[in-house]
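Let's take a friendly walk through a protein model together. Have a look at the sequence and the structure before reading on.

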Amino acid sequence: MGLLWALAMKMAIEEINRSSELLPNVSLGYDLYDTCSLPMVTLKPSLLFMSQSGSRDIGAYCNYTQYWPRVVAVIGPHSSELALITAKLFGFFLMPQVSYGATTDRLSNREMFPSFFRTIPSDRVQLQAIVDLLNQFNWNWVAAVGSDDEYGRQGLSIFSSLANKHSICIAHEGILPLPRVKNIQDLGKVSTILAQINQSAVQVVVLFSSEAAARTLFQYCIQTKVTPKVWVASEAWLISEQVIRLPGIQRVGTILGFLLKGSSLPEFSDYVNQSLIQAANQTFCDTLGEAPPQSEDDVVGPQCPQCDNISYQNISTGLKHHQTFAVYAAVYSVAHALHLNLGCNTSGCPSQNRTRPWELVSKMYDLRFPARSLTLQFDASGNVDMAYDLKLWVWHNHRDMELLTVGSFHGGLTLNRSQIRWHSQRNQVPVSRCSRECEEGQVRRVKGFHSCCYDCLDCKAGTYRKNRDDLSCHRCEDNEWSPDLSTQCFPRTLRFLAWGESVVVALLLLLLLEVGLSLVALGLFCYHWNSPLVQASGGSLSCFGLGCLTLVCLSVLQFPGQPSKVSCLAQQPLFHLPLSGCLSTLFLKSAEAFLASEFPGRAGRLRSWLHGPQAWLLVGLVLLTEGALCTWYLIAFPQVMVTDWQALPREALVHCQVRSWFSFGLVHMVNVSLAFLCFLGTFMVQSQAGRYNLARGITFAMLVYFITWISFIPLLANVPKLYQPAMQMTAILLCALGILATFYLPKCYLLLWEPHLNTQEFFQSFLEVKPCVRGGKEEKKGSQ
């Protein structure tokens with residue numbers, strides 16, 4: 001390949017010298033030297049280039065601004081390892097150096113290599129294309145192998161960094177020793193690398209290596225019959241004849257790689273053929289040998305010791321190598337920089353001053369120049385932007401290999417999947433993953449040291465998987481919800497106890513029944529106002545109690561529907577005040593029964609405090625006390641409307657929240673105390689023969705009251721928050737129904753169906769008869 005690159009450079013120079021547009025009346029000269037891929041051999045011509053014009057010496061100056069070296073620019077060398085050596089030397093003198101093959105990313109460092117340029121992209125671009133290729137096929141469990149030189153080591157380092165950013169795991173990483181005298185230790189390293197790859201689940205190997213090291217690796221692969229893999233090649237060995245001609249190379253698997261896409265040089269083939277024909281002419285060889293530059297023999301050796309027998313057929317396969325165009329473009333980059341520095345136009349180059357190397361470097365920064373069909377430009381790092389073709393090795397009859405273009409890369413990867421032929425059965429894409437791909441709504445739980453080896457965990461309700469590579473589920477915002485195995489969250493809707501729900505409809509029907517019964521009872525009491533039954537039941541106090549009981553029932557209407565600040569504040573007063581009014585009337589009747597039963601001698605004197613204005617004063621005092629407690633509760637600990645985001649799986653629950661359960665209990669204490677006193681004053685009162693026992697109805701009413709509210713506490717704590725208002729409605733309605741059914745409705749029954757019992761004798765008060773003699777016959781008769 002070195003001969004072809006030299007001929008490409010020679011052809012470009014001859015084109016420029018013949019042209020009347022680029023450098024009119026200016027001729028370019030050149031010296032060609034073989035580096036032999038050795039640093040010491042490379043340094044010899046490099047020092048010669050830097051020697052002063054017309055001399056072999058390099059002057060030692062503090063300032064090289066006026067220094068005139070032998071050449072104004074250097075093309076090459078090809079390898080990264082040699083370019084790193086020469087670039088430091090030329091950078092010190094600001095000698096422009098344009099390489100056509102050195103791709104290591106280290107050469108992009110402008111501080112260390114200020115005068116280095118190249119007509120190919122750095123390895124980082126090719127490695128980014130390789131990473132994009134792996135991502136396209138979901139290969140995240142790969143092996144990476146590089147040669148033991150600057151090209152391979154730097155390539156592995158960049159690939160490791162890029163792969164980590166794209167969640168690609170390197171299962172095995174190895175360094176291939178460079179070929180040299182057979183060394184058992186080197187062969188052992190190759191054997192170890194291949195054994196690790198062959199024994200794992202890795203199906204893809206990225207081989208970033210020089211062609212000689214790649215040839216050694218594949219020789220061992222063929223000998224040991226390594227399981228076929230997908231080999232992702234670097235351009236250094238992708239079209240290497242050394243590798244292609246290996247016997248059995250067809251069995252190693254699928255080989256893919258990126259090759260720089262340059263512009264075609266259709267006349268180059270004829271130019272090479274003519275040059276070889278000319279070189280085969282003995283007269284031409286003799287001419288070269290007659291006048292060697294004897295003054296340089298001790299520096300670089302004889303230039304043409306003999307003319308080798310090289311035929312066109314020997315090198316024809318390398319004519320289309322991408323770096324042939326890179327050499328051609330490198331020469332043109334220097335020519336265009338000279339064109340700018342000399343101020344050339346179609347008529348000539350007006351500037352008569354000689355060009356110094358540092359002047360040429362300043363012109364090459366950001367230089368934009370045409371090279372055949374392409375327009376290239378050096379960026380800030382001295383690199384050019386060029387496209388890559390994705391090439392696939394395709395074998396015909398297991399002998400002839402074709403480089404098939406199956407994609408391209410220029411900032412992004414484009415694939416033609418239908419043209420790719422895989423080594424697997426039925427042409428299926430090989431799978432190279434440590435773990436299966438997680439399903440939608442699952443995240444990875446990494447096991448071991450590699451992020452690509454993991455278990456898949458389900459995202460529970462309320463969480464979701466945001467990105468495919470997430471290691472944990474993200475929690476939804478408070479105003480959002482998500483089902484199991486979700487990849488997104490959804491907005492919550494407001495939820496409250498609505499009027500149309502079945503439980504609310506049932507309670508409203510019960511409410512209508514109770515209100516209807518209480519109003520009927522109130523109408524009967526008013527109609528029979530002067531009857532002994534109504535007067536014995538309390539008269540106006542009894543009607544007041546029925547009215548309060550109706551308001552207690554109606555207070556449940558505040559619970560359904562969307563809560564508001566006003567409705568939350570009104571819940572306690574609207575319920576407690578009417579209930580206190582009802583219980584206060586029952587307390588007066590229970591006190592009257594208690595006095596008649598337990599203190600018959602004093603009942604007459606105390607009876608005036610339980611009837612008339614004093615009774616209403618007591619009712620007012622109870623209502624005032626309860627009202628004061630409710631006012632204090634509303635001021636100190638008012639119920640607030642809150643939105644609970646966690647109570648329901650998909651909705652936001654809007655409800656009234658009790659801020660202090662202790663104060664809430666204090667508000668209930670007045671009614672609880674009244675109910676307890678009513679029960680205490682009536683449950684031991686015994687009935688008399690032939691008379692109605694008013695105390696028994698109060699006793700059962702209070703039993704219903706306590707049973708209802710004692711059951712309410714554990715039920716409220718366990719029922720879902722959404723139905724807690726329904727539970728309060730139920731407790732209020734049952735409490736009111738119990739009082740209505742045990743105290744008022746039996747009297748309505750007597751008024752309607754037993755009117756003959758509505759007499760003064762049957763409803764005569766305990767205070768108007770003599771007490772029973774306890775323990776005697778009269779007590780026994782009374783009990784009968």
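Predicted model: local features only at pLDDT ≥ 70, side-chain atom pairs only at ≥ 80, totals over all residues.

Residues are numbered from 1 along each chain as its sequence is written, and side-chain values use heavy atoms, leaving out hydrogens and water.

**Salt bridges**

The structure holds 17 salt bridges (a side-chain nitrogen of Lys or Arg within 4 Å of a carboxyl oxygen of Asp or Glu). Here are some of them:

| Pair | Closest N and O atoms |
|---|---|
| Arginine 124 and aspartate 105 | 3.2 Å |
| Glutamate 437 and arginine 468 | 2.9 Å |
| Lysine 721 and aspartate 644 | 2.9 Å |

Lysine 721 lies in the loop between α23 (694-718) and α24 (724-753), and aspartate 644 in strand β21 (residues 640-644), so their pair ties together parts that are 77 residues apart in sequence. Helices (H or I, at least four residues) and strands (E, at least two) are DSSP runs, numbered from the N terminus. Aspartate 644 counts as buried because its relative accessibility is 14%, whereas lysine 721, at 37%, counts as partly exposed. The cut-offs are under 20% relative accessible area for buried, over 50% for exposed and in between for partly exposed (1.4 Å probe, protein chains only).

Glutamate 437 and arginine 468 also belong to a network of salt bridges that includes Arg433, Glu440 and Arg465.

**Aromatic rings**

Which residues form one aromatic cluster? They are Phe218, Trp231, Trp237, Trp393 and Trp395. Tryptophan 393 and tryptophan 395 are both buried. The structure holds 28 aromatic pairs; these two tryptophans form an edge-to-face one, with 6.2 Å from centre to centre and 80 degrees between the planes. Rings of Phe, Tyr and Trp (its six-membered ring) pair if their centres lie within 6.5 Å; planes under 30 degrees apart count as stacked, over 60 as edge-to-face and the rest as tilted.

**A sheet and a helix**

Three strands form an open parallel sheet in the order β1-β2-β3. At its edges are β1 (74-75) and β3 (116-118), each pairing on one side only. Strands pair if DSSP finds at least two bridges between them, and two bridges join β1 to β2 (residues 97-99). Isoleucine 75 has valine 98 in β2 as its bridge partner.

Helix α2 (residues 39-50) has buried residues, among them Leu48 and Phe49.
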